Amino acid sequence: MEKFNKNVCNCRQISFEKIEESINKGAKSFEEVVEETKATKGCGRCKSYVEDIVKSKLNK
């Protein structure tokens, strides 16, 4: 079964899973996730959503 992969950042085609993978690989902040994935580097509309995902994942 194929996993549905919804993009969080449409400009850069970055999925929720890609952000999660970045954190699992060792990213410890929003800035590190952005550096690795390039999410939010297009139009920027997804910034608050990406920030929320990173906060929720890092505050487990």
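Leaving aside neighbours within four places in sequence, Val54 is in contact with Ile19, Ile23, Ser29, Phe30 and Val33, where contact means heavy atoms within 4.5 Å. The structure is a predicted model, in which local features need pLDDT of at least 70 and side-chain atom pairs count only at pLDDT 80 or more, while totals for chains, interfaces and linings use all residues. Residues are numbered from 1 along each chain as its sequence is written, and side-chain values use heavy atoms, with hydrogens and water left out.

Val54 is also among the residues with the most contacts inside the largest nonpolar core, together with Ile19, Val33 and Val50; this core has 14 residues. A nonpolar core is a set of buried Ala, Val, Leu, Ile, Met, Phe, Trp, Tyr and Cys residues joined through side-chain atoms within 4.5 Å. Buried means under 20% relative accessible area, exposed over 50%, and partly exposed in between (1.4 Å probe, protein chains only). Two or more residues of the core come from each of strand S1 (7-9), H1, H2 and helix H3 (47-58). Helices (H or I, at least four residues) and strands (E, at least two) are DSSP runs, numbered from the N terminus. In soluble globular proteins, nonpolar side chains tend to be buried together.

## Packing of H1 against H3

H1 and H3 pack at an angle of about 45°, with their axes 10 Å apart. Axes are lines fitted to C-alpha atoms, for helices over the stretch in contact, and angles run from 0 to 180 degrees between N-to-C directions. The two helices H1 and H3 are therefore oblique to each other; angles under 35 degrees count as roughly parallel, over 145 as roughly antiparallel, 65 to 115 as roughly perpendicular and the rest as oblique.

H1 passes H3 in a right-handed crossing; a crossing is right-handed if the near helix is turned clockwise from the far one by less than a right angle, and left-handed if anticlockwise. From H1, the contact involves Phe16, Ile19, Glu20 and Ile23, and from H3 it involves Val50, Ile53, Val54, Lys57 and Leu58. By class, this contact of H1 with H3 has seven nonpolar, no polar and two charged residues. Ala, Val, Leu, Ile, Met, Phe, Trp, Tyr, Cys and Pro count as nonpolar, Asp, Glu, Lys and Arg as charged, and the others, Gly among them, as polar.

## Packing of H1 against H2

Helix H1 (residues 16-24) also packs with helix H2 (residues 30-37), at an angle of about 115° and with the axes 10 Å apart. H1 and H2 are therefore roughly perpendicular to each other, and their crossing is right-handed. Lys18, Ile19, Ser22 and Ile23 in H1 meet Glu32, Val33, Glu36 and Thr37 in H2. The contact of H1 with H2 has three nonpolar, two polar and three charged residues.

Ser22, which lies in helix H1, counts as buried because its relative accessibility is 0%. Not counting residues up to four places away in sequence, Ser22 touches Ala27, Glu32, Val33, Glu36 and Thr37.

Glu51 has its place in helix H3 and is partly exposed, with a relative accessible area of 26%. Its C-alpha atom is separated by 9.0 Å from that of Ser29, 22 residues apart along the chain.

Most residues other than glycine have a negative phi. Gln13, which is not a glycine, has a positive phi of about 55°. Gln13 lies in the loop between S1 and strand S2 (14-15) and is exposed, with a relative accessible area of 52%. Thr40, in the loop between H2 and H3, has a positive phi near 75°. At 15% relative accessibility, Thr40 counts as buried.
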